Every structure is written in C-alpha cells, then in structure tokens.
Amino acid sequence: MKVNRKRFERLADKLTKVSHGRYHINRSIGIDEVGTIYYTRWCIFDRLDDGPLYFSPDNKPVLASAYGDDLRDIKILIKKEKRRNRNEFIQSFIPRK
C-alpha cells in the first residue's frame, strides 16, 4: 500500500504534539519509477522506556498499515489524544482528598 509521505507526516506531527511524545512511529519508504518517495508501510507503537519490553514480541503496534489501518485511523487516534488531554486538564482542577 502506498501512503503519501507529506500527508502522513502532517498527521504524525499532529499526533506527536497532542500526545506529548507518547508514541513511536516506524516508517518504511519506497521510491516509484518517477522518483516519488512514499511509505510502503508504517507502525505506531507506545513509547516505552524499558528496552527489553519495547523490543519484545508482546509489544504490539497501536496502529499499523499491515493491520489495514490508514490515515483516517491516525486522525481518530489524534482525536482520542485530544480528548484525553482535555480530561487530564480538567482533572487537574478537581481537589484531591
């Protein structure tokens, strides 16, 4: 599956901003016969600080082109992250007992 690199990067930038670096994005590139660079596949993982856990087979992607996810799914993830940030912001004003 060919994914437009510029459109993908715009969404990746938005995701990074709203999630505050909560995810790691892996990309594989290809070049067509005209010389246009595109992404052949991509994966979005949770960013984990534990190296062995990050590289273990149990660490499955949140989204991946191999799973059939596309740019719309990244947009949905961005909306979920915005909602999570808003809820965390609101929770910060609620007094704790």
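I started with Ser-65: leaving aside neighbours within four places in sequence, Ser-65 is in contact (heavy atoms within 4.5 Å) with Met-1, Thr-40, Arg-41 and Trp-42. Ser-65 sits in the loop between β4 (63–64) and α3. At 12% relative accessibility I log Ser-65 as buried, which is under 20% relative accessible area with a 1.4 Å probe, protein chains only.

Housekeeping: this is a predicted model, where local features need pLDDT of at least 70 and side-chain atom pairs count only at pLDDT 80 or more, while totals for chains, interfaces and linings use all residues. Residues are numbered from 1 along each chain as its sequence is written, and side-chain values use heavy atoms, leaving out hydrogens and water.

Of its 16 residues, Phe-8, Leu-15, Trp-42, Ile-44 and Ile-74 touch the most other members. I find two or more residues each from α1, β2 (23–31), β3 (37–46) and α3, with α1 giving the most, five residues. I also checked Ile-74, which touches Phe-8, Leu-11, Trp-42, Ile-44 and Leu-63, not counting residues up to four places away in sequence.

Last, the helix pair. The axes of α1 (residues 5–19) and α3 (residues 71–91) come within 9 Å and cross at roughly 15°. I therefore note α1 and α3 as roughly parallel, the word for angles under 35 degrees. Among the contact residues are Phe-8, Leu-11 and Leu-15 of α1 and Ile-74, Leu-77 and Ile-78 of α3.

Terms used
Axes fitted to C-alpha atoms, helices over the stretch in contact; angles between N-to-C directions. Helix = DSSP H or I, 4+ residues; strand = E, 2+ residues; numbered from the N terminus. Parallel < 35°, antiparallel > 145°, perpendicular 65-115°, else oblique. Buried < 20%, exposed > 50% of the residue type's maximum accessible area, 1.4 Å probe, protein only. Core = buried A, V, L, I, M, F, W, Y, C linked by side-chain atoms within 4.5 Å.
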